[in-house]
Amino acid sequence: MKLTYSLAALTVAIAMPLPAVAATINAVMYKNPSCSCCETYAAYLERNGFKVELKPSNDLDRISAGLGVPEKLQGCHSVVVGGYVVDGFVPVDLIKKMLTERPEITGIAMPGMPMGSPGMGGQKTESWTIYAFTKDGKAPTVYATE
């Protein structure tokens with residue numbers, strides 16, 4: 001009888017689904033200290049499998065330029081993740097696509113603060129253009145539109 005209970009318990013334990021173990025993607029966000037939308041974007045990333053370390057800085061222009069972000073693409077934060085730079089409110093699916101495909105770029109950026117984008121409130125009212133950039137001085141190219 002004892003063996004029957006042990007086998008039943010083992011069968012139940014094996015049949016129960018294990019919780020999904022999501023890989024954590026480490027990221028560092030350099031942000032303007034007075035910008036609260038950056039923190040909202042960091043929370044969005046964390047809900048989607050990232051662990052974000054926030055680094056407020058009053059010298060964000062210099063940091064972003066040093067990371068290779070072209071001046072016209074710089075925003076209120078720059079995220080370093082997986083050897084790439086992400087500037088602006090880029091949707092997480094595009095970040096994960098870049099990390100999976102590993103293109104030969106420095107990073108991606110979505111300039112401005114478009115309504116409805118991750119980290120910004122409101123409804124999406126226009127299509128977004130996300131640019132790929134490199135440190136070699138070449139003009140950014142379109143990485144994706146959403």
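To start, which is Lys 31, buried or exposed?

Modeller: Lys 31 is buried, at 1% relative accessibility; here buried means under 20% relative accessible area, exposed over 50%, and partly exposed in between, with a 1.4 Å probe and protein chains only. Please keep in mind that this is a predicted model, where local features need pLDDT of at least 70 and side-chain atom pairs count only at pLDDT 80 or more, while totals for chains, interfaces and linings use all residues. Residues are numbered from 1 along each chain as its sequence is written, and side-chain values use heavy atoms, leaving out hydrogens and water.

The partner of Lys 31 is Glu 39: their side chains form a salt bridge at 3.3 Å, N to O, the term meaning a Lys or Arg side-chain nitrogen within 4 Å of an Asp or Glu carboxyl oxygen. Glu 39 itself is partly exposed, at 40%. The whole structure has 5 salt bridges. Among them, Arg 62 pairs with Asp 59 at 2.5 Å; Arg 62 is exposed at 55%, and Asp 59 is partly exposed at 33%. Glu 53 and Lys 55 form another, at 3.9 Å, with Glu 53 at 42% and Lys 55 at 32% relative accessible area.

Now the cysteines. There are 0 disulfides, that is, pairs of cysteine sulfurs within 2.5 Å. Cys 38 has the sulfur of Cys 35 as its nearest cysteine sulfur, 3.3 Å away, and Cys 38 is buried at 0%. The sulfur of Cys 76 is too far for a bond because the closest cysteine sulfur, in Cys 38, lies 3.4 Å away. Cys 76 is buried too, at 17%.
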